[in-house]
Amino acid sequence: MSDESTKDHPSASIQISLRRATLDIAKVLQENARVTRDGSMYWCHPGQPSPSLQPVLVGPHLYAGTTGIALFFAAMWSVYGDDGSRDISLRTIAPLRDDIHEISTDEDRARRLHQPIGGLTGLGSIIYALVRIGDLLRDATIVDDAQLVTPLLTPDRIGADDKLDVMVGSAGAVLALLALDDKRPGKILQGEPPIELALRCARHLLRNSGWMTSESRGAEGFCHGRAGIYSALAKLHERTGRQELCTVLQRYLSVDRSLWAPLDECPRAPLLDNRSLHSWCKGGAGIALGHMALSKIQPDSPRISEATSLLETTAAAPLSETDDLCCGNFGRVDVLIHAASVLQEPTYLDKAVNLARRVLERAQRQGRYSLILGQQAGVDLRLFPGIAGIGYSLVRLQASNNIPCVVGME
């Protein structure tokens with residue numbers, strides 16, 4: 001698992017509130033689950049685009065699919081120890097695991113597979129999710145199944161990646177492969193070792209360097225932009241010590257610091273709407289994640305002070321319009337939990353608890369969480385855009401053991 005432990009945890013009364021909110025989310029997810037004849041579990045979601053909103057099966061991916069929901073229940077079992085949560089997690093990923101075994105023995109089907117390679121949506125997301133679910137459930141066979149996915153990250157698929165980001169591109173694949181390498185260092189069932197595949201993805205990022213100077217919407221953010229890409233390269237450098245990674249990271253660390261001014265003072269800030277300004281995906285919370293990863297490359301880097309400034313803003317800003325992990329308040333909560341560990345500063349955990357408390361109070365007044373998907377469409381059940389992600393962060397706030405930081409793909 002990750003190194004997400006901190007010495008201090010919320011008070012007993014707050015723990016009770018957090019646990020109650022977590023169990024309420026789990027209940028909603030269970031009530032909306034569908035069960036197949038063989039006992040597997042799945043969920044449907046309003047189709048896009050509106051206005052039809054006809055329910056469709058959610059896919060297997062971490063961001064908005066079944067593995068994200070399974071990760072939430074695995075985290076619940078890790079903290080609460082209830083067999084029901086473990087059972088739901090296993091039943092949710094059972095069809096995916098069967099599919100992986102079939103594809104791993106069918107070269108034609110593997111060749112015809114059309115999936116991105118990213119860490120939140122794509123092959124990388126399946127690798128990452130299975131590694132972390134296996135770790136949380138203490139089931140090594142699930143991590144073995146994650147290894148079976150790695151041969152699908154072929155040179156052609158990596159070379160075809162034109163997104164490059166954490167969401168669907170090579171940066172996300174790097175972070176997923178590092179998670180696998182952490183559990184299976186140097187070990188392979190077939191194909192290349194995870195660390196070699198991660199380096200292949202990194203070389204693709206370095207060859208296609210337009211992201212370094214992009215000024216597009218959200219270009220500095222974690223999900224789709226530089227913060228996520230540099231975070232992946234920094235963590236790969238930390239693991240391998242490769243000089244070519246150090247060179248590009250040092251070049252970035254020496255760039256004009258005005259590029260990373262506090263967002264409310266930054267001339268690029270108007271590119272972001274209010275919903276995104278402090279978010280994980282495009283805004284300050286995600287940029288702070290990137291700065292924290294870079295600080296390990298250069299401990300005396302000014303990125304630490306810049307990260308601190310962004311974290312303070314992340315904690316103090318008014319509630320975002322939505323509460324989800326991606327664009328909303330719980331993405332901010334999760335980054336603050338991570339900062340408490342990485343920076344060894346327990347006050348960030350206090351700030352995370354306070355922000356979560358404010359969200360829970362608003363949700364109680366409204367009778368629901370505020371999510372991107374409108375209330376008329378029903379409850380969004382998914383990890384990053386919906387309530388499963390809120391539940392996951394609530395579990396992390398209660399954890400006396402290590403629960404991985406999913407927004408950082410730790």
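At 60% relative accessibility, Gln-344 counts as exposed in this predicted model, and the residue is found in the loop between α14 and α15. Its phi is near 50 degrees, a positive value in a residue other than glycine. Most residues other than glycine have a negative phi. A second residue of this kind is Arg-138, which is not a glycine and yet has a positive phi of about 55 degrees. Arg-138 is placed in the loop between α5 and α6, where it is exposed, with a relative accessible area of 64%.

On the side of α14, the contact is made by Asn-329, Phe-330, Arg-332, Val-333, Leu-336, Ile-337, Ala-339 and Ala-340, whereas α15 contributes Tyr-348, Leu-349, Lys-351, Ala-352, Leu-355, Ala-356, Val-359 and Arg-362. By class, the residues of this contact divide into 12 nonpolar, 1 polar and 3 charged.

The helices on either side of the loop that holds Arg-138 were examined in the same terms. The axes of α5 (residues 123-137) and α6 (residues 140-149) come within 7 Å and cross at roughly 165 degrees, which makes α5 roughly antiparallel to α6. The crossing of α5 and α6 is left-handed. The residues of α5 that make the contact are Leu-123, Ile-126, Ile-127, Leu-130, Val-131, Ile-133, Gly-134, Asp-135 and Leu-137, and those of α6 are Ile-142, Val-143, Asp-145, Ala-146 and Val-149. In this contact of α5 with α6 there are 11 nonpolar, 1 polar and 2 charged residues.

Helix α5 also packs against α2 (residues 66-80), and here the axes come within 9 Å and cross at roughly 20 degrees. With angles under 35 degrees counted as roughly parallel, α2 and α5 are therefore roughly parallel to each other, and the crossing of this pair is left-handed. The contact involves Thr-67, Ala-70, Leu-71, Ala-74, Ala-75, Trp-77 and Ser-78 of α2, together with Ala-129, Arg-132, Ile-133, Leu-136 and Leu-137 of α5. The contact of α2 with α5 has, by class, 9 nonpolar, 2 polar and 1 charged residues. Two residues of α5, Ile-133 and Leu-137, are listed both in the contact with α6 and in the contact with α2.

Across the protein chain there are 16 helices and 4 strands. Of its 410 residues, 58% are buried, and among contacts with a separation of 6 or more, residues 24 or more positions apart account for 68%. The largest nonpolar core comprises 132 residues, of which Leu-29, Phe-72, Leu-120, Trp-280, Tyr-369, Phe-384 and Val-406 touch the most other members. When residues up to four places away in sequence are not counted, Trp-280 touches Leu-120, Phe-222, Cys-223, Ala-285, Gly-286, Leu-289, Leu-325, Cys-326, Gly-331, Val-335, Phe-384 and Val-407. Two of these partners, Leu-120 and Phe-384, are themselves named among the core residues that touch the most other members.

Attention then turns to two loop residues. Cys-281 lies in the loop between α11 (243-253) and α12 (284-295) and is buried, with a relative accessible area of 2%. Leaving aside neighbours within four places in sequence, Cys-281 is in contact with Gly-221, Phe-222, Cys-223, His-224, Cys-326 and Cys-327. One of these, His-224, is 57 residues apart from Cys-281 in sequence, while the two are 7.0 Å apart in space, C-alpha to C-alpha.

Asp-165 is found in the loop between α7 (155-159) and α8 (170-183), and it too is buried, with a relative accessible area of 6%. Beyond its neighbours within four places in sequence, Asp-165 is in contact with Ser-170, Ala-171, Gly-172, Cys-223, His-224 and Ile-229. Asp-165 and Cys-223 are 58 residues apart in sequence, with a C-alpha to C-alpha distance of 6.6 Å.

Key. Residues are numbered from 1 along each chain as its sequence is written. This is a predicted model: local features need pLDDT of at least 70, side-chain atom pairs count only at pLDDT 80 or more; totals for chains, interfaces and linings use all residues. Side-chain values use heavy atoms; hydrogens and water are left out. A nonpolar core is a set of buried Ala, Val, Leu, Ile, Met, Phe, Trp, Tyr and Cys residues joined through side-chain atoms within 4.5 Å. Buried means under 20% relative accessible area, exposed over 50%, partly exposed in between (1.4 Å probe, protein chains only). Contact means heavy atoms within 4.5 Å. Axes are lines fitted to C-alpha atoms, for helices over the stretch in contact, and angles run from 0 to 180 degrees between N-to-C directions. Angles under 35 degrees count as roughly parallel, over 145 as roughly antiparallel, 65 to 115 as roughly perpendicular and the rest as oblique. A crossing is left-handed if the near helix is turned anticlockwise from the far one by less than a right angle, and right-handed if clockwise. Ala, Val, Leu, Ile, Met, Phe, Trp, Tyr, Cys and Pro count as nonpolar, Asp, Glu, Lys and Arg as charged, and the others, Gly among them, as polar.
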